[in-house]
Amino acid sequence: MSTSRNEPDQCNLRKYDFPLDDIPRLNCMDPQVDELIKSKKPVVLTGSNLVGAASKWDLDYLEKNMGNGDFTIFVSKGNQFKFFDEKKLAEIDSVSGAHTKNRPQKEYIRPAKSCPIKIQDFAKRVREWKDGDERLYLQQALSSTSGAGVVQDFIRFRWDWVTAKQKLHNWGKLTYNLLLVGLEGNVTPCHYDEQENLFAQIHGHKRCILFPPEQFGCLYPHPVWHPHDRQSQVDLDNPDYDRFPKMRDLHGVQAVVGPGDVLYIPIYWWHHIESVKPEKYTVSLNFWYKAGPVGQVEYPIKGYQKVAIMRNVEKMLAEAMQDPEEVGALLRTMVQGRF
Ligand SMILES: CCC[C@@H](CC(=O)O)C(=O)C(=O)O
Ligand SMILES: [Zn+2]
């Protein structure tokens, strides 16, 4: 297992049934770094100092330097913070209102509710948090209103270095930086994003488990029109092999990232991320970049391109039939016994 400095106790890390290889840890100046990024393979970059100006972003500092605006936190009774896109509910209703009315509402209950909070209240709740309390996860895009101290630090990030990466690898624009402050034990369950991600760890440690886009068939994502679009239906920490038998074919890669590490999470790669001991909370900042232009398509096409195609087919069929519920039946009719 590749880890950062003063690595967490490996015996504490959860064991899984599937094999996990190490994600390479390379100094950011190593020429292999750009080869891996170019081939859309994950790599932990050390020594970039990308967010060195944020190395002091612990709870006390954030409490004093993030101003008095409202920040978004998610609250969960369990330890999972599975993304739930409220906008999809409106889309389903617009496509076929009857649909959500007759589906079991449990499918559409957000597992972690979001609410606004002042950073001072959040910091107090984290300090007072004890096992058994509902869990908190601050997830807030940084902006010019994020507090004077934080903005000053933000300006001093290694923008020269990261912008050179963005240009070299032909990524699209930086959409935003999400500040993540979570409790030890918080899990963001397995999902993929449609953006390139330079994931900078600032305080504490996170265990990151990644799977390539080619393992789409083992991770059974929710349908594209579902509020849990892009999220796996499987719970890696509580596998249901009857419902999801192909989980047995999973083969992932992992790294424990600590302060100063930057993990490159390639677009469409699945990732399951847990805040781990010994620290009580973790602070991370991601850099999400839009995908670059497709350019010359090479055949056979790559796994991530197949995921993009499958997404478009699902969207087109749901739109054409005006009822997402019919997509599965039509696809089964189309392929069973024929291909
Ligand atoms: C809301 C984003 C959460 C983050 C994972 C984590 O640090 O918990 C992630 O999935 C990403 O950066 O893509
Ligand atoms: Zn993600």
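Predicted model: local features only at pLDDT ≥ 70, side-chain atom pairs only at ≥ 80, totals over all residues.
Let's start with where the ligand is. Ligand 1 sits in the second largest pocket. Which residues come nearest to ligand 1? Out of the 14 residues around it, those are Tyr137, Thr188, His191, Asp193 and Lys206.

Now zoom in on a few of these side chains. Tyr137 has a polar side-chain atom 2.6 Å from an oxygen atom of ligand 1. Lys206 places a polar side-chain atom 2.7 Å from an oxygen atom of the ligand, and for Asp193 that kind of distance, again from a polar side-chain atom to a ligand oxygen, is 2.9 Å. How much of ligand 1 does the protein bury? Taken alone, ligand 1 exposes 360 Å², and the protein buries 94% of that.

Next, step back and look at the shell as a group. By class, you'll find six nonpolar, six polar and two charged residues in the shell around ligand 1. Several strands contribute to this shell: β6 (135–141), β7 (174–183), β8 (187–191), β9 (195–203), β13 (270–276) and β14 (281–290) each supply at least two of its residues.

Finally, here's what a database record has to say. In an unreviewed entry, UniProt lists residues 134–306 as "domain: JmjC".

Technical notes. Residues numbered from 1 in each chain as written. Chains lettered and ligands numbered in written order. Heavy atoms only, no water. Near = heavy atom within 4 Å. Polar contact = N/O pair within 3.5 Å; in protein donor to acceptor, adjacent residues only side chain to side chain. Areas by Shrake-Rupley, 256 points an atom, 1.4 Å probe, with all protein chains shown as cover. 1 Å grid on protein atoms, 1.4 Å probe; cavity = no way out; pocket = protein on both sides within 12 Å on 5 of 7 lines; lining within 4 Å. Sits in = over half its atoms within 2 Å of the grid points. Helix = DSSP H or I, 4+ residues; strand = E, 2+ residues; numbered from the N terminus. Nonpolar A, V, L, I, M, F, W, Y, C, P; charged D, E, K, R; others polar. UniProt positions renumbered as here; feature names shortened; annotations may be inferred.
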